[in-house]
Every structure is written in C-alpha cells, then in structure tokens.
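Subject: Handover of the model, with notes

Dear colleague,

I am passing on the structure that we spoke about, together with some notes on it. Please open it first and read the notes beside it.

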Amino acid sequence: MIAALLVMIVLALLLGLVLGYSALRFKVEGDPLVDKIDAILPQTQCGQCGYPGCKPYATAIASGEADINQCPPGGEPGMRALADLLGVEPKPLNAEHGEPKPKSTAVIDENLCIGCTLCIQACPVDAILGAAKHMHTVIASECTGCELCVAPCPVDCISMVPIPEKVSNWKWRYPVIELKQVA
Amino acid sequence: MISTLFKFHGGVHPPEHKLESAATPIVEVPLPQRLVLPLRQHVGNVPKLQVAVGDHVLKGQLLAIADGMISASVHAPTSGTIVSIDEQLIPHASGLPDLCITLQADGEDRWVEHRALEYRDLPKAAVLEALRAGGVVGLGGATFPSHVKLREDAQHPVRTLILNGAECEPYITCDDRLMRERADQIVRGIEIMQYLLGAERCVVGIEDNKPEAAQAMRDACRLSSIPIEVATVPTLYPGGGAKQLIKVLTGLEVPSGKLPTEIGVQCFNVATAYTVHRFIHHGEPVISRVVTVTGKVARPGNFEVPLGMSIAELVQAAGGAAPESTGFVMGGPMMGFNLPSAEVPVVKATNCIIASAPDLFPPLPPAMPCIRCARCADACPVNLQPQELYWFAKSSNLEKARDYHLFDCIECGCCSYVCPSRIPLVQYYRYAKSEILAADKAKQAADLARERNEFRLARIEREKQERAAKHAQKAAGAKADVAGDEAKKAAIAAAMARAQAQKAEVVPQNTADLPPAVQEEIAGIDARREAVNEEKQEN
Ligand code: SF4
Ligand code: SF4
Ligand code: SF4
C-alpha cells in the first residue's frame, strides 16, 4: 500500500517536472490562435471588419471581442473556416460590414493622376508605384482590392475594375443538372 | 519475352468505335492559308513572343520561346507573314479566348535552316535544353513539357521506361496509325529517351485491339540497338492512363500524390517519342501532329495536320461533317470536351476530333439521387470512393474531398459511365478541383499580402523611430554648441553689416542725370515714403 502510494507520488512528481520543463523548452512565440485565425483571413487589409487590418481583427476574434462574420472579402467560405477553427456555429455574414464583391483590382487613370502620393500612403500593401508629381500606377498582382486608395484620391482617378475571367483563372462551374421529379 | 502482366482496379468497356478511322493510312492535309497558333498549348508558363506583326517567318522558325523550366516553345508550321497577335478562341473547355499568333501562309512552305543533333556527343543538359526549345511536349493529351520528364534524377533513377501505345479511349486511332506506319521512327525516339534517362528496361504497352500496330512495333524493335519489349495489354478503359499502364506492365503502384519516377518508372506517349526523333535526328520542331477525325464525317481517318489549322478546314479534309452533326468534341467521348466553335485551331493536345450528333452521344437523362450502390467505386481505376467524393463536391465540402484523394482522380469518367443514377460525377470533381486550386492560389496571394503589409508596418515604425532619433539628436546638438552659436551670430552680423555698406554705396543710376525739378519731385516722394514707413513702424 505504502509502496504503491510512493510510486504514484514519484510518478506524479516526475511527470510534473517533464511537463514543466517542456512548457519552458517548447514555448510557442506569439499567440498561436491569432496566427491561425490570421491565416484564414484573406489579407485584403481593407478594414471593413472595423479593425485597421486583418491581424488586428484576428486578435479581436481571438480575445472574443469581435464576431466571426465581419469580413466581407472572406465571404461565406471564410466565415465557415473560422467557425470550424473556433468550434462555433456558422452564422450569416453581418451586412453592416458590407457585402462580398467580385474580386477587383485598382486601376489609376494615368492621364488624370496628378502625382499627389496620397494613394501610396493609403495602400496597405505598397502596391502603388510612383513619386511626387509623377504619374502613379498600381501593381495589379499585388493589389488586394481593398479600395482604401479610392477615397483619398483628390482627382477621383482610381477605379476598381473586376478581374476578368481568362483561360488562366477560369474555373469549372458547379454542374447544373436537372433532377428527375420523383412523383 | 513478354513478362507477366498485372491488373489495375476497376475499368470499363465502352464501345470502341475505332474501326471507322483506323482502316486508312495517315493523309497529309493540304496546307491551309491561315494558321492560328495559341501561345498556351502546353502545361506550364506561357512562352515569350519572339516575333511581331508584319514579320516574315520561315517554316520551323521560333515564334515564342519557352519561359522558365515548365514551358515549351511554339514554332511556325509553314512559311508566311505574321498578320496579327491577339486574343482568339482556342480549343479549351472554358470557351474563352487566349493570346494567339496568326500566320498567313505564303504557300512556299520554305524551311528555316535546321539540322540534326549529335545527341550522344553533347552533354545531356544541352540535349534537354534543345528539346525545350523544340517545343516537345507529351502528345497523349496532357501536353506536359517532355524535357522535364527526361531529366536524370540522381535521387530517383528511372529503371523502366514505358511507352504508352495503349490508346484506350474510344474513337481515337492516331497512335495506332502512327505505330503501324512509322514504327521505326518511334523506335529511334525511344532510343534517345532511353539514353537520356539511362533506363535499364524499355517496354511499349499496346492494347490487344491493335494487333497490326503491335506487330509493326515488334518488327521495328527487333532492329533497334537496344532491347525494347512490346507488350500487348488487355483492352480495358482506362488502360492508357499512365498509372494504370505502369501497374499493368510492372505491377508497381504509383503512391498517391507522387510521380512515377519515385518508383523508378517514367512513361511517355509513342507520339511523343516520334516527335523527339523528328527533332533530334532531323531538327524539326513540333509543328504538326496526327489527328483522328471521326464520328459524323464523310471519310473518317487520320490526318497529319499542321498546328494552327482550323477544325472546320480539317473536317473538310475528312469529307465534311454530316448534316445531322451538331458540334465537335475534342478528345474522346470519355475525357473530351465540346469545342466552343469549329473555328478553333488544332493544337498540340488535339488527338481526336469527333463530329458529334445526338444519336452518337445522346444527352444524359436527368440525374437521380445516388443510391449508394458503389458501382462507381468498383469501376474507379484509382480505387477511390467516387460516391463520397461526389457527396463532398456537391456540398462544396472541398477540404473533405481533398482528404479523400480528389486529386488522384484522373477524370477518366468510369464512375459516371457506370452510375445507374446517371450522375455526371466527373463534372463535380472538375468543379471541386478547380475551386480548390483557386483557393490555394488565393491563399498564396493572401500570404504575399500579409508579408507586404507586415513589411509596410515595420517600415512605417522604423521611419517613425528614425525621425524621433533625428529630433532627439537635433535637440541635444542645439544645447551642445551654444558657444559655436555665438560665433555664428557674430559672422551673420558681420555679413549683414557688409551688405548694408554695399547698399549705401550704390547710387541709383537712372536718377543721376535728371533735371533739378524732377530731382526735387523724387526727393518729395522719398520723404513721404519715409514718413509712411515710420508711421507704420510706430504702429
Ligand atoms: S492599390 Fe488600392 S485597392 Fe489595391 S491594395 Fe493598394 S490601396 Fe488597396
Ligand atoms: S454509381 Fe452512382 S448511384 Fe451508385 S454509388 Fe456511385 S454515385 Fe451513387
Ligand atoms: S473519374 Fe475519378 S473517381 Fe471517377 S472513376 Fe475515374 S478516377 Fe475514379
């Protein structure tokens, strides 16, 4: 009896030591949950969720401050992925934060641009190229379509153009088939 | 010499319809006037344009050069003038236009200077580079650049080289005719491939419904400098799938998501071997291919067609389409797709054109719910669970579909073929696959955006700190040299004094020689101005 007790105590102490040691030794840098949430968010950095970017929104979700249905660019699939990750019920997107739109990129009308650099300062991913008093242009492959550059432009020369469907980005459609009516 | 054969899982026996087109020899079609050459004719990067509108080019001249490792060049199929470079309809399931070069033939069909390659005297890397420039891609339908597959890989040496002459898809007979008529040239190509890969064993797999082709290949292989086996495999669709043929010939299974090289096997289509031979021994890049034209046409058969010829013209060469024909299918009935128009050009992937009609391919009856009979699972050559995949794809549960090895599906259509509920299963898999690939791409873009956003935030933070540091330095500096300031102030005062003195010395030139009356007037004005200035200062 005593022996059994002793064995259990020694075992408990040993395991405790191992656990304590590994907690220190394999400490994870940063907040893994925030990173996991951030990995799901589309990184548009548009701020439609009400936070200044995707990472801040991820932080807010992790702390329970924000809901999972505030990201329009992520849309329904993004919300589902978040629900899946956090183990909560999926819910419809909150229309207050905007509607999902087809993915677009910003295009600067290069004849109108006055080179004021305001759009450069607004772009969260440095996708606009230009210098003071020189015409600016958008690097389409890096533009996330956040629309943040549209409002600051004093001459309204930035427009959002939906990405056209090409052979390179074409997708097979969901099959539309008639189902036989079962009487 | 025929070794034991193995069996792959599943498979179906659709009606073959091969006799219609297999009976007559390959016919060379008359040279068309206009050729439309899409830049994207292969898997991989779009090649870079090398010509401009108005250029005159010779037959075999490079029009667009391979860009990057996985890419292939495009060449002029005949001599003529480039009349436009623009977006035109291409033979693609999307029915969307893509960038094409349009060549107006001058009728001379004059070759650019070209010569054979002494491949055994060159380093292997140089031969592969040449193949890349020669536009050699897999002609079985996948159009993957061949030079990538012919690279020797120290980690996965290729022991067995398999040549695919199975041609399992119904209606198609282009490889059959090619093997019957040009077996010796295919064998020359196999020799080059064997040399490049250093393979110990070469096997040509041919389905047993093509005895003439098998015999021709056997005769040609006997004359070869290397031992090449010819194996007739049972006719069973899709026995010409690379992984299925490998299983039948070697008994080895290619693991899920892996390449055949991982088990020491590499597989090429016989037509690819033929083009390798044409390029290495004759210097001819891939500018034409053999195409089966069958279905509702007057004279079904096989044709040697320059790339870029329109399907409509090609069908004319086969006697024209029957009046009841409603459209054209590219590829076979199992894996092919409907062409968006008859004006699209023949490309490297065009192995077969079928003039379709409702009695040939009756429209699918309406689908019924899945009854979980599992016939699809029995027929699937990859041993997947099509009914589960269907369920996940239908409900857009894409991650789950991926977990059930959706990407191992070869889209052979066996499952749809046997399904008693007539569910178009493959359409669901294609949908799911392209959704997943698009999501993966979006994820990559998001990762890039995250990186750029983080970089920007870090930069802004750094600039802020730098500015703060500068301010701090300035403030500290101001205090440090008060003494210096005194000296500076003295210097400034001295400079100002000098300027004053200079000003005083200068006499306004234009007032010097004026009559006394005017002088007086000026003096008066000056006095008034002085008075006003003083007044201002007092205020
Ligand atoms: S260019 Fe405009 S729309 Fe595109 S990422 Fe930058 S700010 Fe957003
Ligand atoms: S064959 Fe058709 S009905 Fe049968 S299990 Fe497969 S999908 Fe369902
Ligand atoms: S299409 Fe895919 S799931 Fe269906 S039988 Fe062929 S490999 Fe299997």
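Predicted model: local features only at pLDDT ≥ 70, side-chain atom pairs only at ≥ 80, totals over all residues.

Residues are numbered from 1 along each chain as its sequence is written, and chains are lettered from A and ligands numbered from 1 in the order in which they are written.

Strand S9 (residues 160–165) of chain B and S12(B) run parallel and are joined by five bridges; helices (H or I, at least four residues) and strands (E, at least two) are DSSP runs numbered from the N terminus, and two strands pair if DSSP finds at least two bridges between them. Both strands belong to an open sheet of four strands with parallel pairing, in the order S11-S10-S9-S12 (chain B). Strand S11 (228–233) and strand S12 (265–269) of chain B are at its edges with a single partner strand each, so one side of each is left without a neighbour in the sheet. On average, neighbouring strands of this sheet are turned by 25° against each other, direction ignored.

Helix H5 (residues 211–222) of chain B packs on this sheet, where it touches S9, strand S10 (201–207) and S11 of chain B, and its direction makes about 170° with that of S11(B). Here contact requires C-beta atoms, placed from the backbone, within 7 Å, and axes are lines fitted to C-alpha atoms, for helices over the stretch in contact, with angles from 0 to 180 degrees between N-to-C directions. Helix H6 (residues 242–250) of chain B lies across S9, S10, S11 and S12 of chain B and runs at about 120° to S9(B).

The six-stranded sheet of chain B

Another open sheet has six strands with mixed pairing, in the order S1-S14-S13-S17-S15-S16 (chain B). Its edge strands, each pairing on one side only, are strand S1 (27–28) and S16 of chain B. Helix H4 (residues 174–197) of chain B packs on the sheet, touching S13, strand S14 (301–306) and S17 of chain B, at about 125° to the direction of S13(B).

Within this sheet, strand S13 (residues 288–295) of chain B is joined to S17(B) by four bridges, and the two run parallel; Thr294(B) stands opposite Ile354(B), and Gly295(B) has Ala355(B) as its bridge partner. With S14(B), by contrast, S13(B) pairs in the antiparallel sense over six bridges, and a hairpin joins the two through five residues. Eight of the eight residues of S13(B) are buried (20 or more other C-beta atoms, placed from the backbone, within 10 Å of their own), so the strand is largely enclosed by the rest of the structure.

Val329(B) stands opposite Ile354(B) in S17(B) and opposite Asn338(B) in S16(B). S15(B) and S16(B) form a hairpin with six residues between them, and Gly331(B) in the turn has a positive phi of about 90°.

Ligands and the contact between chains

Around ligand 1 there are 14 residues, of which Ala106(A), Cys123(A), Cys143(A), Cys146(A) and Cys149(A) come nearest; a residue is near a molecule if its C-beta atom, placed from the backbone, lies within 6 Å of it. Ligand 3 is surrounded by 17 residues, the closest being Cys380(B), Cys409(B), Cys412(B), Cys414(B) and Cys415(B). The largest share of this shell, three residues, comes from H13(B).

Where the chains meet, 23 residues of chain B are in contact with 22 residues of chain A. H13(B) gives the most to the side of chain B that touches chain A, with 14 residues.

With best wishes

Conventions. Contact = placed C-beta atoms within 7 Å. Buried ≥ 20, exposed ≤ 12 C-beta atoms within 10 Å, placed from the backbone.
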